[in-house]
Amino acid sequence: MKRETLCVQGGWKPKNGEPRVLPIVQSTTFKYDNSEEMAMLFDLKKEGYFYSRLQNPTNDVVAQKICALEGGVGAMLTSSGQAANFYAMLNICEAGAHIVASTDIYGGTFNLFNVTMRKMGIDCTFVNPDASEEELQKAFKSNTKAMFGETISNPGCRVLDIEKFARVAHHNGVPLIVDNTFATPINCRPFEWGADIVTHSTTKYMDGHATQVGGAIVDSGRFDWDAHSEKYPGLCEPDQSYHGLTYTKDFGKMGYMTKLVAQLMRDLGSIPAPQNSFLLNLGLETLHLRMPQHCKNAQAVAEFLHNDARVAWVRYSGLKDDAHYKLAQKYLPNGSCGVIAFGLKGGRDTAIRFMDSLKMINIVTHVADARSCVLHPASHTHRQLTDEQLREAGIAPDLMRLSVGIEAADDIIDDIKQALDRI
Ligand SMILES: *Cc1c(COP(=O)(O)O)cnc(C)c1O
């Protein structure tokens, strides 16, 4: 089925007499007639529900919809996008491992890789995503376990050359993990370009209404873990905590996903509430309608900003002279997303006066929902950093992240115009 149909019809398939709308199974536990049946579930010899920390029917159905949209073999929901990126890595990394990640990624993910995972003994080398393959190659070591990037970076709005990253990752025998939050599978399916695992903060466009925090991990099932078994003992060697079963041998293409659920969710437990998955599912039902409207509006706003003399610079890959216009034409032919990065002449202080003058566009710590909103990383999410440190993290001190919503483009532009007039 096409993506539009999957948004609406994917996942929940009611049987005779069951509710047409995805039910919220708000139950921690599930009943069985005899002890033996439950024991089989614990041994992973039978499929079924027993405790919502591992699996819950509402969560699973929404995961299946996202899996179908991305074209994967299996998917799992997490309680946040942060948990998704952490679990996607931890499933194949342990103390002593090393990963290679683009510098141009979400601040939360940057901290996860740069601070928290380092404390756990997992080292990270950050690379400029625009570097040549030869340059990227230099970041790899014998203990490298994965490569990571974002389809469209938050907040930099740069487009990742997914094929280039996939070639380098595969040359080094490691999977490419792509955070596809901003593009969504409506505008880009990283598996079609060689990515092996896709992650999402479903908090953003997938939900689209700013009602729940959530994440997802999708596996393409294509990476051959056994061909590099010395790197991935957790997948390719017996798991003593499951009576010695081996994920890749016992579950084939579902090995990575089974380990995520059976081991990481069991031990760490960052599951979404079924109620949140229900809200996420409502959002997904209109994702294919909202994304084109976000893109159309953002294109109009980006062109307006581009032509206004008070604007110092604009980054939006739909602009013909944007550094990533060509990459966007290749990977995002139907549009990128609604997020624009820009700066005003006058820098940091002018940015603050501009934002305080906006009326309809609200200042919020959020991005990618139906309502237009704006954030100044240097004053908000990254306020601890000096201008120098901001530049190192790839964020200009005057960068504003404007998330263009699905209102009428004229009203969004009018609000920007009147705020510009006040600076
Ligand atoms: C927001 C975001 C995250 C983190 O997701 P949360 O749901 O806020 O935990 C990760 N990656 C990207 C690209 C994001 O935009």
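# Close-up views

**View 1. The side chain of S27 has a polar atom 2.8 Å from the backbone oxygen of T29.** That makes a polar contact, meaning a pair of N or O atoms within 3.5 Å; within protein, one must be able to donate a hydrogen and the other to accept it, and residues adjacent in sequence count only if both atoms are side-chain atoms. What you're looking at is a predicted model, where local features need pLDDT of at least 70 and side-chain atom pairs count only at pLDDT 80 or more, while totals for chains, interfaces and linings use all residues. Residues are numbered from 1 along each chain as its sequence is written, and side-chain values use heavy atoms, with hydrogens and water left out. S27 itself sits in the loop between α1 (3-9) and α2 (35-42). Helices here are DSSP runs of H or I with at least four residues, strands are runs of E with at least two, and both are numbered from the N terminus. S27 counts as partly exposed because its relative accessibility is 29%; buried means under 20% relative accessible area, exposed over 50%, and partly exposed in between (1.4 Å probe, protein chains only). Setting aside neighbours within four places in sequence, S27 is in contact with S52 and N56, where contact means heavy atoms within 4.5 Å. S27 and S52 are 25 residues apart along the chain, yet their C-alpha atoms are separated by 7.2 Å.

View 2. D179 has a polar side-chain atom 2.7 Å from a nitrogen atom of the ligand. In the side chain of S201, an N or O atom is 2.9 Å from an oxygen atom of the ligand. K204 also has a side-chain N or O atom by a ligand oxygen, at 2.7 Å. On its own the ligand exposes 380 Å², and the protein buries 92% of that; the areas come from the Shrake-Rupley method with a 1.4 Å probe, and for residues, only the protein chains shown count as cover.

**View 3. Zoom in on the loop between β4 (144-150) and α7 (162-171), where S153 sits.** S153 counts as buried because its relative accessibility is 2%. Its side chain joins that of D104 through a polar contact of 3.1 Å. Not counting residues up to four places away in sequence, S153 touches D104, R158 and F182. P155 is in the loop between β4 and α7 too, and a cis peptide bond joins N154 to P155, with omega at about 5 degrees. C157 also has its place in this loop. C157 isn't a glycine, but has a positive phi of about 60 degrees.

**View 4. T184 is another non-glycine residue with a positive phi, about 60 degrees.** T184 lies in helix α8 (residues 184-187). With a relative accessible area of 0%, T184 is buried.

**View 5. Helix α4 (residues 81-90) is mostly covered.** Nine of its 10 residues are buried, including F86, Y87 and M89. At the start of α4, a side-chain oxygen of S80 reaches to within 3.4 Å of the backbone nitrogen of Q82.

**View 6. Five strands form an open sheet in the order β8-β9-β12-β11-β10.** The pairing is mixed, and two strands pair if DSSP finds at least two bridges between them. At the edges are β8 (311-315) and β10 (362-363), each pairing on one side only. Further in, β11 (residues 373-375) runs antiparallel to β12, with three bridges between them. L375 stands opposite R401 in β12.

**View 7. Helix α17 (residues 409-422) packs its buried residues against several neighbours.** Those neighbours are α13 (287-307), β9 (339-344), α15 (347-357) and β12 (400-403). The buried residues of α17 are A409, I412, I413, D415, I416, Q418, A419 and L420. An α-helix has 3.6 residues a turn, so residues three or four places apart point the same way. How far apart are the end C-alpha atoms of α17? They are 20 Å apart, which agrees with the 20 Å that its 14 residues should span at 1.5 Å a residue; the expected span is 1.5 Å times one less than the number of residues.
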